[in-house]
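Please open the structure in your viewer and keep the selection tool at hand. This tour goes from one selection to the next and says what is there at each stop.

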Amino acid sequence: EQDQRRRFLHPLHSLTKLTKMAGKDTSTLVLFDVDGTLTVPRKVITETMKATIAALREKVTIGVVGGSDLVKINEQLDGKAIASFDFTFGENGLTAFKGDQELESQSFLNYIGEANLKKVVNWTLHYIADLDIPQKRGTFIEFRNGMLNISPIGRNCSRDERNAFEEFDKGAGVRKTMVAAMEKEFGDLKLKFSIGGQISFDVFPVGWDKTYCLQHVKKHGDFKKIHFFGDKTYEGGNDFELFSSPETEGHTVTSWEDTQSQLNKIFGV
């Protein structure tokens with residue numbers, strides 16, 4: 001796992017060097033969600049957006065906080081996640097970097113225990129088996145370091161199938177209904193269920209939502225202002241807690257183009 005993370009490091013980038021850049025406001029931090037905020041969901045960041053982010057980094061400190069693991073975040077950020085941001089948070093901050101320095105991590109398995117994890121997995125697979133939805137593919141549960149990611153259609157679906165499920169789910173409420181059932185079934189485990197992206201939702205301990213990254217921010221930075229840009233900022237969305245936190249100024253976006261437009265208005269980039 002350590003070797004896997006080292007792949008993301010870039011020897012030419014130093015946070016210490018960057019914070020000494022003339023005119024850079026090191027008291028302001030701007031955090032970004034990934035899917036629907038910096039990129040089209042599961043797509044790679046555009047050259048235009050990369051240029052905007054680079055220009056913003058010359059003015060303020062910037063960070064990315066995704067629900068996905070670092071491998072997926074790095075793929076979407078064109079293989080340069082840690083090189084492009086001052087803070088990089090995978091799985092809501094359960095894996096974290098400040099510059100190229102790896103910070104403390106947490107484990108979902110250690111929190112919940114093997115017996116309870118099996119209960120959740122078994123219940124989920126039975127539930128999905130009984131679901132009557134247009135399509136099912138594979139990888140219905142993805143085990144991550146800090147959470148479970150559950151997808152009723154399965155993460156192996158194609159781009160077209162992903163888009164079709166998202167539209168179907170807007171009317172059918174498959175994920176919302178499943179989340180409500182799991183909240184009832186596993187209320188004693190103190191778990192949080194957060195819908196994100198197009199086809200799935202995350203399961204993690206209460207308090208391990210995207211506000212978790214603020215623990216690292218406070219410990220390893222001194223910021224007077226923290227902005228957060230995200231698209232799933234509604235209650236139940238995986239950007240909601242960080243968006244609505246009293247410690248941040250939240251900005252709702254509808255696409256990466258909208259993010260770019262708002263950054264231009266606020267920061268002049």
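Helices, at least four residues long, and strands, at least two, are DSSP runs that are numbered from the N terminus. Please keep in mind throughout that this is a predicted model.

A search of the whole structure finds 7 aromatic pairs. How are the rings of Trp123 and Tyr127 arranged? Their centres are 5.1 Å apart and their planes are at 20°, and because planes under 30 degrees apart count as stacked, this pair is stacked.

**Second stop: from the helix to a loop**

While Trp123 belongs to helix H7, Phe186 is found in the loop between helix H9 (174-185) and strand E8 (191-196), so the pair ties together parts that are 63 residues apart in sequence. Is Phe186 buried or exposed? Its relative accessible area is 6%, and since buried means under 20%, Phe186 is buried.

Now show H7 and H9 together, and turn the view until you can see how their axes come within 12 Å and cross at roughly 145°. The crossing of these two helices, H7 and H9, is right-handed. On the H7 side, select Val120, Trp123, Thr124, Tyr127 and Ile128, which meet Thr177, Met178, Ala181, Met182 and Glu185 in H9. Sorted by class, the residues in this contact of H7 with H9 are 7 nonpolar, 2 polar and 1 charged.

Next, select helix H3 (residues 47-57) and helix H12 (residues 256-267), which pack at an angle of about 30° with their axes 11 Å apart. H3 and H12 are therefore roughly parallel to each other, and their crossing is left-handed. To see the contact, display Thr48, Met49, Thr52 and Leu56 of H3 alongside Trp256, Thr259, Gln260, Leu263 and Phe267 of H12. The residues of this contact of H3 with H12 divide into 5 nonpolar and 4 polar, with no charged residues.

**Last stop: an aromatic cluster**

Finally, select Phe87, Phe89 and Phe223, which form one aromatic cluster.

Note on methods:
Residues are numbered from 1 along each chain as its sequence is written. This is a predicted model: local features need pLDDT of at least 70, side-chain atom pairs count only at pLDDT 80 or more; totals for chains, interfaces and linings use all residues. Side-chain values use heavy atoms; hydrogens and water are left out. Axes are lines fitted to C-alpha atoms, for helices over the stretch in contact, and angles run from 0 to 180 degrees between N-to-C directions. Angles under 35 degrees count as roughly parallel, over 145 as roughly antiparallel, 65 to 115 as roughly perpendicular and the rest as oblique. A crossing is left-handed if the near helix is turned anticlockwise from the far one by less than a right angle, and right-handed if clockwise. Contact means heavy atoms within 4.5 Å. Ala, Val, Leu, Ile, Met, Phe, Trp, Tyr, Cys and Pro count as nonpolar, Asp, Glu, Lys and Arg as charged, and the others, Gly among them, as polar. Rings of Phe, Tyr and Trp (its six-membered ring) pair if their centres lie within 6.5 Å; planes under 30 degrees apart count as stacked, over 60 as edge-to-face and the rest as tilted. Buried means under 20% relative accessible area, exposed over 50%, partly exposed in between (1.4 Å probe, protein chains only).
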